[in-house]
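Please read the following points with the coordinates open beside them.

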Amino acid sequence: MKKLIYYILIMTIVTIILPMLIVRGCNTVIEDVKEKGIAKKAEVKIKVYIKDQDKVEEMSLENYVKGVVAAEMPVNFEMEALKAQAVAARTFAFSRMIDLYPSKEDVHKGAHVCTDSKHCQAWVSKNDALKKWSVLNADKNWNKIVKAVKETEDIILLYEDNPINPLYHANSGGRTENSEEVWEGMVVPYLKSVKSDGDADDPNFEVVTAFKEEDIISALKSKYPEILLNEDDMLSQFNILELSEGGKVKKIKIGNVEIKGTELRNLLSLRSTNFKIEKGEENELNITTIGFGHGVGMSQYGANYLAKNGGTFKEILKHYYRGVSFDVCQKVDF
Ligand SMILES: [Zn+2]
């Protein structure tokens with residue numbers, strides 16, 4: 001009798017509990033794939049709209065990730081930072097392949113992603129990547145990227161069993177942003193403001209740009225026709241009203257108009273919303289920006305700093321994307 005109970009117990013573990021444990025993480029992804037009637041195959045393929053050639057190319061997801069790492073992160077960064085970048089790039093792409101984060105505009109010509117860094121992720125072909133490096137280092141650099149991608153093969157980031165939207169940027173200026181402070185209404189539990197040490201290692205951490213006052217006035221007037229400005233004292237027209245948790249300009253009053261820091265950033269093509277405005281040469285204003293990019297998610301310079309200090313790619317990603325887990329997804333084709 002005892003033997004029978006043991007037998008039933010062992011069979012329950014082997015046939016029910018073990019399989020549940022094994023398939024747990026990828027379930028959501030695989031179900032999404034099945035729902036779309038997509039058959040499983042040996043290699044994941046992605047359709048990429050190559051913007052500067054105006055054509056769609058299909059390639060393996062892993063090869064696409066190599067091109068993104070080569071385009072998005074300096075190759076002299078630490079291996080663990082490159083690996084973190086590879087996982088973020090793969091997750092970004094995979095989540096688009098299963099249409100988790102559809103874009104408002106249809107700019108991909110039927111592809112899953114495009115190569116425009118302002119819309120999706122930058123990407124460069126192997127040939128173009130090799131050309132941008134010196135002959136002496138080209139192969140070595142490419143092999144470093146291949147290693148970063150290979151050592152993270154198929155790994156993606158999940159939050160509650162769904163691939164995340166792994167936004168990233170060059171340099172947060174010391175602290176990342178809450179997603180909802182950059183994009184209104186976009187509250188995302190894993191895109192929260194965190195400390196980002198090492199951002200100051202970026203040689204372009206702080207950049208001063210001189211603007212002619214007349215150029216700023218004309219940009220403001222064309223965007224906000226109702227604006228009233230005292231053009232004789234432009235510096236006094238800018239009043240910062242609110243900072244984000246990440247220390248960046250959230251709201252600013254210019255003349256009689258109140259706008260978001262992100263709006264001014266777009267209007268003047270500022271490197272970030274962490275800025276201050278001072279008097280420059282005659283009829284000029286100097287705008288000093290700290291950091292580079294929207295500031296949400298992983299800071300690439302911060303990732304490199306953590307890697308230099310012994311952080312693994314998983315530790316880096318868990319720092320910048322709070323509460324995430326990892327999974328190796330089954331290979332699927334689209
Ligand atoms: Zn795109």
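How many residues has the largest nonpolar core, and which have the most contacts inside it? The points below begin with the answer, after a word on the basis of the values. This is a predicted model, in which local features need pLDDT of at least 70 and side-chain atom pairs count only at pLDDT 80 or more, whereas totals for chains, interfaces and linings use all residues. Residues are numbered from 1 along each chain as its sequence is written, and side-chain values use heavy atoms, with hydrogens and water left out.

1. The largest nonpolar core has 65 residues, and those with the most contacts inside it are Ile46, Leu61, Tyr64, Met298, Leu317 and Tyr321. A nonpolar core is here a set of buried Ala, Val, Leu, Ile, Met, Phe, Trp, Tyr and Cys residues joined through side-chain atoms within 4.5 Å, and buried means under 20% relative accessible area, against over 50% for exposed and partly exposed in between (1.4 Å probe, protein chains only).

2. Among the elements that give two or more residues to this core are strand S1 (45–50), H3, H4, H10 and H11; helices (H or I, at least four residues) and strands (E, at least two) are DSSP runs, numbered from the N terminus. H4 gives the most, with twelve residues.

3. Leaving aside neighbours within four places in sequence, Leu61 is in contact (heavy atoms within 4.5 Å) with Val44, Lys45, Ile46, Arg90, Ala93, Phe94 and Met97. A second, separate core of 22 residues includes Tyr224, Leu270, Ile277 and Ile287.

4. Helix H10 (residues 300–308) contains Gln300, which is buried with a relative accessible area of 6%. Not counting residues up to four places away in sequence, Gln300 touches Glu72, Met73, Phe77, Gln85, Tyr168, His169 and Ala170. The cover over the buried residues of H10 includes helix H3 (61–72), helix H4 (79–97) and strand S6 (168–169). Just after H10, Gly310 takes a positive phi of about 90 degrees.

5. The zinc ion is coordinated at 2.0 to 2.2 Å by His108 (NE2), Cys114 (SG), His119 (ND1) and Cys120 (SG), where donors are N, O and S atoms within 2.8 Å of the metal (3.2 Å for Na, K and Ca); water is not among the atoms, so sites may look incomplete. The four donor atoms subtend angles of 101 to 117 degrees, which makes the arrangement tetrahedral, a label that requires all angles to lie between 85 and 135 degrees.

Definitions and conventions. Tetrahedral: all angles 85-135°; square planar, octahedral: opposite > 155°, others 65-115°.
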